[in-house]
Amino acid sequence: MATPMVAGAAVAAAALAGRYGILAWHAFKVRPSVPRIRRFYEGGFQASMTRREAALILGVRERVVAEKVKEAHRRVMVANHPDAGGSHYLASKINEAKDMMLGKSNNSGSAF
């Protein structure tokens, strides 16, 4: 007599676990997507390039060694080079940011 009761409880437990699993999967599928961390600076440019803005454009910290600045400049330029369909304006801003971070800036601004 106890065997049918145990079997019934096991079937009920399996059904409840399955229902919970289906509800959890559905909640997982309809959750809002979390925006990922943006790798590059997106926003308007200031009239005169600052060190902070240059670091944001290149995706590095304000105090960083020259090798990392050059590596970041190369990475961003590959994505935005005018010969590969990128903008001349963005390329000039990226170059200006590199010059600012390396201390070569003469505060003349970009060509645009």
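Guide: Two rings of Phe, Tyr or Trp count as an aromatic pair if their centres lie within 6.5 Å. In this predicted model, a search of the whole structure finds two such pairs.

Visitor: What makes Phe 45 and Tyr 89 an aromatic pair that is edge-to-face?

Guide: Their ring centres are 5.6 Å apart, with 70° between the planes. The limits are within 6.5 Å for a pair and over 60 degrees for edge-to-face, so both terms apply. The pair links distant parts of the chain: Phe 45 lies in the loop between helix 1 and helix 2, and Tyr 89 lies in helix 4, 44 residues apart.

Visitor: Why is Phe 45 called partly exposed?

Guide: Phe 45 has a relative accessibility of 26%. Buried requires under 20% and exposed over 50%, so a value in between is partly exposed. Tyr 89, at 32%, is partly exposed as well.

Visitor: Why does Arg 52 count as exposed?

Guide: Arg 52, which is placed in helix 2, has 51% relative accessibility. The limit is over 50%, therefore Arg 52 counts as exposed.

Visitor: How do you know that the buried residues of helix 3 are on the same side?

Guide: The buried residues are Val 69, Ala 72, His 73, Val 76 and Met 77. They cover an arc of only 130° around the axis, which puts them on the same side of helix 3. Their cover includes helix 2 and helix 4. The face turned away from that buried side carries exposed residues, among them Glu 67, Lys 68 and Arg 74.

Technical notes: Residues are numbered from 1 along each chain as its sequence is written. This is a predicted model: local features need pLDDT of at least 70, side-chain atom pairs count only at pLDDT 80 or more; totals for chains, interfaces and linings use all residues. Side-chain values use heavy atoms; hydrogens and water are left out. Buried means under 20% relative accessible area, exposed over 50%, partly exposed in between (1.4 Å probe, protein chains only). Helices (H or I, at least four residues) and strands (E, at least two) are DSSP runs, numbered from the N terminus. The arc is that of the directions from the helix axis to the C-beta atoms. Contact means heavy atoms within 4.5 Å. Rings of Phe, Tyr and Trp (its six-membered ring) pair if their centres lie within 6.5 Å; planes under 30 degrees apart count as stacked, over 60 as edge-to-face and the rest as tilted.
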